[in-house]
Amino acid sequence: MSRLGSPDNPLLVAVVGSGPSGFYATEALIKSGVKTRINMFERLPVPYGLVRSGVAPDHPKLKQAIKVYAKIAEAKEYNYLGNVTVGTAISVEELRTTHHAVIFTCGAETDRRLGIPGEDLPGSYTATEFVGWYNGHPDYRNRKFDLSHETAVIIGQGNVAADVSRILAKTVDELKHTDIAGHALEALATSKIKNIHVIGRRGPAQAKFTSKELKEFGGLADCDPVIDKNELALNPESEVELADKTNAGNKKIYELFSGFADREATTDRKCIFTFLKSPKEVSGNGRVESVLLEKNTLSGEPFRQSARGGGDTFSIDAGIVFRSIGYHGIAMPGVPFDEARGVFANVKGRVVKDGEVDPGLYAAGWIKRGPTGIIGTNRADSVETVKSLLEDLDKLDTGEDKPGAAGCYEILDRRNIRHVNFSDWKKIDACEVERGQAAGKPREKYTSVPEMLALLD
Amino acid sequence: MTTIVTDNCKDCRYTDCVTVCPVECFHYDEQMLYIDPEVCIDCSACLPECPVQAIYEEDDLPEDKYEWIEINAQKSRELPVCADTMEPLPGADEKKAALGF
């Protein structure tokens with residue numbers, strides 16, 4: 001048989017997940033010059049992963065990344081299999097039998113835990129649940145968030161914490177023309193939340209927000225950013241960090257915080273940024289009533305400082321808590337998992353089992369490197385993984401004639417799995433856009449899988 | 001709002017920014033890179049990648065660099081897309097050092 005990757009023996013790749021990493025891996029394969037066929041598997045009928053269900057509804061420009069993915073999807077090498085859960089509808093082993101290689105781009109689907117008492121009390125939620133809920137993700141559409149209290153506590157100071165805080169801080173008027181899920185808009189309209197505490201473990205010089213996200217808090221219609229000036233005190237090591245010319249990002253963030261501290265709050269609703277505090281306990285009688293915080297100090301060299309509690313604690317009365325301290329990947333049968341890091345163990349995207357590379361299995365995106373970076377970060381990451389894959393061409397299992405998509409359809413049809421192709425998605429897309437128009441929204445998402453599938457019958 | 005490449009890029013053209021651009025909005029000539037404001041989605045992924053801090057969000061652009069808004073818009077219309085990394089220009093490291101980075 002002719003060489004793998006030649007016109008009559010194309011490289012067959014299964015991509016698991018349809019978010020940015022999956023599409024950038026697809027793009028890199030198509031551009032590589034190697035003849036290839038890509039089958040992309042997605043457990044929902046609808047594609048685009050966190051660009052659809054993670055990026056906040058009031059950031060429509062960021063969602064324009066979808067245009068690039070839609071264009072990649074037009075390539076003749078690309079095929080979409082939506083509504084197919086790898087691991088249940090079709091196994092990893094079956095993907096390996098039908099393809100030469102599998103690239104996992106399935107993200108980090110759960111939250112890291114705080115590991116403190118009361119974390120699971122009613123009223124204490126993960127950022128993932130809340131973000132999935134307001135973005136109309138089918139897994140979270142039926143969640144209920146009790147917004148009848150005046151005080152919310154958000155644990156974490158990254159961009160997800162910023163999204164959660166900002167959605168809580170905005171008025172219905174600021175959200176009603178976005179693609180926020182209808183159920184979320186209704187619930188937020190009744191929100192009584194007035195005080196939004198955003199708690200960071202480290203100091204104001206180490207916050208993980210991007211300046212763009214933070215800046216938005218200065219321009220909200222009915223909420224003021226509030227910072228106690230004392231919170232902005234810096235230790236000498238943090239001063240060194242901010243003076244470093246290569247650390248322009250954190251300097252900008254610190255300047256924004258300083259600007260917030262100088263403002264006079266004029267609205268009823270406040271978003272209060274607090275630094276150097278760690279949650280020790282969430283408590284209440286049957287539901288969240290307060291959060292116990294411990295004051296931290298920083299130690300270590302500049303840029304390597306860590307926060308440590310000093311035993312000095314205080315409580316904030318709060319009715320609702322959101323934990324937003326990072327994501328964690330979920331294991332998949334048939335793939336070695338690094339439990340501590342929440343990723344598939346890998347070297348430059350090659351999945352590693354017991355210290356040995358297993359040619360044929362690859363990972364890209366958050367399930368490869370952990371939940372860091374933004375959309376574009378995944379492009380470089382997927383390019384690296386595809387480079388590894390292409391270097392391995394001679395080591396891939398080329399046994400038997402690999403059937404690719406045909407083999408997968410046979411397996412899925414045998415199991416009565418209703419798979420969705422890209423034209424099906426375009427129909428769902430058009431229906432969503434159309435029903436959004438009536439409400440002045442860019443789209444009104446369908447939030448349940450049966451609803452989506454019903455559009456196709 | 002858009003994102004703008006400014007004069008620090010001139011004669012450097014490191015292209016670290018290009019690898020993280022989710023939408024291929026960079027264009028190039030033999031001197032530097034330019035961002036197409038019609039394509040850029042303002043994600044800011046490129047900002048921290050630039051070794052010479054040539055890239056600004058429009059909001060933060062110093063007044064003496066305002067001219068670069070129009071230059072980026074115009075040049076990006078005329079020039080080819082830069083989709084992959086390229087070798088930095090000869091003398092890039094010297095310019096970087098001269099800029100204090």
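A residue is called buried if 20 or more other C-beta atoms lie within 10 Å of its own, exposed if 12 or fewer do, and partly exposed in between, with C-beta atoms placed from the backbone. The model shown is predicted, and local features need pLDDT of at least 70, side-chain atom pairs count only at pLDDT 80 or more, and totals for chains, interfaces and linings use all residues. Residues are numbered from 1 along each chain as its sequence is written, and chains are lettered from A and ligands numbered from 1 in the order in which they are written.

View 1. Helices (H or I, at least four residues) and strands (E, at least two) are DSSP runs, numbered from the N terminus. Because 19 other C-beta atoms lie within 10 Å, His149(A) is partly exposed. Leaving aside neighbours within four places in sequence, His149(A) is in contact (C-beta atoms, placed from the backbone, within 7 Å) with Lys192(A), Ile193(A), Ala318(A), Gly319(A) and Ile320(A). Of these, Ile320(A) is 171 residues from His149(A) in sequence, yet 7.2 Å away in space, C-alpha to C-alpha.

**View 2. Crossing of helix 1 (residues 20-31) and helix 3 (residues 65-73) of chain A.** The two axes, which are lines fitted to C-alpha atoms over the stretch in contact, with angles run from 0 to 180 degrees between N-to-C directions, come within 10 Å and cross at roughly 45°. Helix 1 of chain A and helix 3 of chain A are therefore oblique to each other, since angles under 35 degrees count as roughly parallel, over 145 as roughly antiparallel, 65 to 115 as roughly perpendicular and the rest as oblique. Helix 1 of chain A contributes Pro20(A), Phe23(A), Thr26(A) and Glu27(A) to the contact, and helix 3 of chain A contributes Ala65(A), Tyr69(A) and Ile72(A).

**View 3. An open sheet of 3 strands in chain A, in the order 11-12-13 with antiparallel pairing.** Strand 11 (277-283) and strand 13 (306-317) of chain A are the edge strands, each pairing on one side only. Neighbouring strands of this sheet are turned by 25° against each other on average, direction ignored. Strand 12 (residues 290-299) of chain A pairs with strand 13 of chain A in the antiparallel sense over 9 bridges, where pairing requires that DSSP finds at least two bridges between two strands. Leu292(A) stands opposite Ser315(A) in strand 13 of chain A.

Terms used: Contact = placed C-beta atoms within 7 Å.
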